[in-house]
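Welcome! Take a moment to look over the structure below, and then we can walk through a few parts of it together.

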Amino acid sequence: MTDIKKRSSGFVRGALAAFALAVAGAASWLTPAVSAEDAVVIPPPALDEKAAGGSETAIFAGGCFWGVQGVFQHVKGVTKAVSGYTGGAKDDAVYETVGTGRTGHAESVEITYDPSKVTYGQLLQVYFSVAHNPTQLNYQGPDSGTQYRSTIFAENEAQKKIAQSYIAQLDQAKLFSKPIVTTIETGKTFYPAEEYHQDFLTLNPTYPYIVYNDLPKVANLKTLFPKLYSDKPVLVLSASN
């Protein structure tokens, strides 16, 4: 996501993808949707947090935040998913500046969730399975640069331990075509992105970039995680307004 104009250049590809999605919709509902990145069926983590009440947060980065946010807004138990920037300084948490790839920031999503309804491990399972491709180093689909890196910003030692254990588990299972390159960073602050980036997938369902790269991710969430899927997304702007 170097800039929005760059994404518009993929209009033809997006139109073809829209047709492909329509065809796919006629196929078996158990078939993952066709997109720029394929979904991968993976087991839940062997190590997870205990289900408990209250509210917790998780921060994930996996390419353009439009799609990552859109996926987690449809996960039951998630009460908020905000697009933003994590890994760099506050003054650099600006879209155009982050886009240079020199700020240390990654486009990320801060997820607020109820651990009695969805655990951190389940969020990780969605993250690795449908939200992005964890084997791509510093790029996702058409977007390249360290700002699109695959990173888990662990909020505490427990999250770090669960993430490390799960990455090792998945690598050992060899379910992906290449090794996982996802990094784990700690002690980083999340900064919300500009308002026009929030809820972008829901507000722009016909935007070519969204059609090709991101709507299939939501479809795959529904297919592979039917018990976690919610038809109604939890939107940022409606909540703030």
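Two residues are in contact when they have heavy atoms within 4.5 Å of each other. This is a predicted model, in which local features need pLDDT of at least 70, side-chain atom pairs count only at pLDDT 80 or more, and totals for chains, interfaces and linings use all residues. Residues are numbered from 1 along each chain as its sequence is written, and side-chain values use heavy atoms, with hydrogens and water left out.

Let's begin with Lys-188, found in the loop between strand E7 (183-186) and strand E8 (190-192); strands (E, at least two residues) and helices (H or I, at least four) are DSSP runs, numbered from the N terminus. Leaving aside residues up to four places away in sequence, Lys-188 touches Thr-86, Gly-87 and Phe-153. Thr-86 is 102 residues from Lys-188 along the chain, yet their C-alpha atoms are separated by 6.3 Å. Is Lys-188 buried, exposed or partly exposed? Its relative accessibility is 36%, so Lys-188 counts as partly exposed (buried means under 20% relative accessible area, exposed over 50%, partly exposed in between, with a 1.4 Å probe and protein chains only).

With strand E1 (residues 56-62), E6 pairs in the antiparallel sense over 4 bridges, and Ser-150 is the bridge partner of Gly-62. With E7, the pairing is parallel, again over 4 bridges, and here Ile-152 stands opposite Ile-184.

How values were computed
Two strands pair if DSSP finds at least two bridges between them.
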